[in-house]
Amino acid sequence: MSIGKQTGRVMKVWTIAATLLIAPGMARTAAAHGGAGTPTETWQEQSSADREQEARDREQEKRDREQEARDREQEKRDREQERLERLDELYSDGREALDEDRYDQAADKFSELAELNGPQTDAAMYWKAYAENKLGKRDSALATIADLEKKYAQSRWIKDAKALEIEVRQSNGQPAHPESQPDEELKMLAITGLMNSDPQRAMPLLEKVLSGPGTPKEKSKALFVLAQNGSPQSREILARIAKGESNPELQRKAVEYLGMFGGQQSRQTLAEIYASTSDVSVKRAILKSYMIGGDKEHLLAAAKGEKDSSLRAEAIRQLGIVHAPEELRQLYKTETSVEVKKDILQAFFLTGDAKFLAEAAQGEKDAEVRRAAIRNLGLIGSEEARQALLAIYSKETDRENKEAVLNAFFIQGNAHALVTVARSEKDPELKKIAVSKLALMNSKEGNDYLMEILQK
């Protein structure tokens, strides 16, 4: 027999052997798939299923990465918000200490605030110098004023600082004590009485108080007296200060009083200031004044057109406070940002509009937005909200949202809904969540159901 024939016979033998070895494995695979299909078809089906699973895994990984990025961004915003709140707290504490003549504590608070280098640094330096002067530390006060003028030459506190500097330099150099200071309260009572009987003589005195180096309490009282007067001249002075004639603190206070003044003229003045200023704190004060005056029109305009996300969120929140569901619906209809939609849903909670929240929870495509609607529904205790949440749970396919509904039932104290879900839920994990919340509620219906479970 030739070598070629021998080789051919060996190859046939190996082919037969390989087929016999592979066949049982193919048979088992076919059996696992119901015995249907040829080995080639089975392998193709497996390969297709693997590819689909890989695609789902990649999609899930992508969603996880996106969620992580959102979480990091939210953490960053939260840290910045905490920092700003700390700065505001220091400023408020310092102001309170000034009002109560605790000048040493005020100086410490404003010194700490100035070192943090936040948006109120120039104001903190002014009030630090003010407190130092009250304590008789005039050299320190002058040094603080000089530092303020050097670092913040364009600050709107410079005018107040120069007035304070003149007062410091004109003093006799003796230590100052709170008890030796002029009685500001008595002076303001006299001006208030004069304002009632002879406004023309009182107006210049009030303006002098507002432009001088008086205490925050004294200046605030002067603005209040102007606002209470209600005359065109008072409105004009308030408008000038609100437009930025004085320091930002007085400006914000004047903005607040213009909102209390009310009327179309005041609203128009506030709208002009809002459009012209870049000071976020002043804009925030104007939004609050819109709310005080029930000015839905300008709040809606700010909610639509404001570029600063925090101000836009504030305008939306104020729309909720003034109970403006139609304006909020109009805004929601055209909005594309998930974060802004969540702000609007929060505002709908403030209006108590369970119907719209239910519509959003069932009709929104974005699962995160639906979840926000569900959370806000949970904060509304009406029967309409309870029924809406039950309907949402029965139709919702997103697991996180189902858990959010269970948490909403818990917040409502709705033991009946949790028992209903626990009885019918096929998913053991979701059922456990419902039962765990019932265990915390101490309701009769919930406790009866827990006893049923124990007796099985």
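## A nonpolar surface patch

Patches are made of residues with over 30% relative accessible area and no salt bridge, like charges being joined within 9 Å and nonpolar side chains (Val, Leu, Ile, Met, Phe, Trp, Tyr) within 5 Å. Here, in a predicted model, local features need pLDDT of at least 70 and side-chain atom pairs count only at pLDDT 80 or more, while totals for chains, interfaces and linings use all residues. Residues are numbered from 1 along each chain as its sequence is written, and side-chain values use heavy atoms, with hydrogens and water left out.

One nonpolar surface patch brings together Leu379, Phe410, Ile411 and Leu440, with about 380 Å² of accessible area together (Shrake-Rupley method, 1.4 Å probe, only the protein chains shown counting as cover for residues). Leu440 belongs to helix H23 (residues 428-441).

## Salt bridges

Let's turn to the charged pairs. With a salt bridge taken as a side-chain nitrogen of Lys or Arg within 4 Å of a carboxyl oxygen of Asp or Glu, the count comes to 33.

Glu207 and Arg240 form one of these, at 2.5 Å from N to O. This pair links distant parts of the chain, with Glu207 in helix H8 (residues 199-211) and Arg240 in helix H10 (residues 232-245), 33 residues apart. Glu207 and Arg240 also belong to a salt-bridge network with Glu236 and Glu245.

Another bridge joins Glu165 and Arg169, at 3.2 Å from N to O. Both residues sit in helix H6 (residues 158-170), 4 residues apart, about one turn of the helix.

Definitions and conventions. Helices (H or I, at least four residues) and strands (E, at least two) are DSSP runs, numbered from the N terminus.
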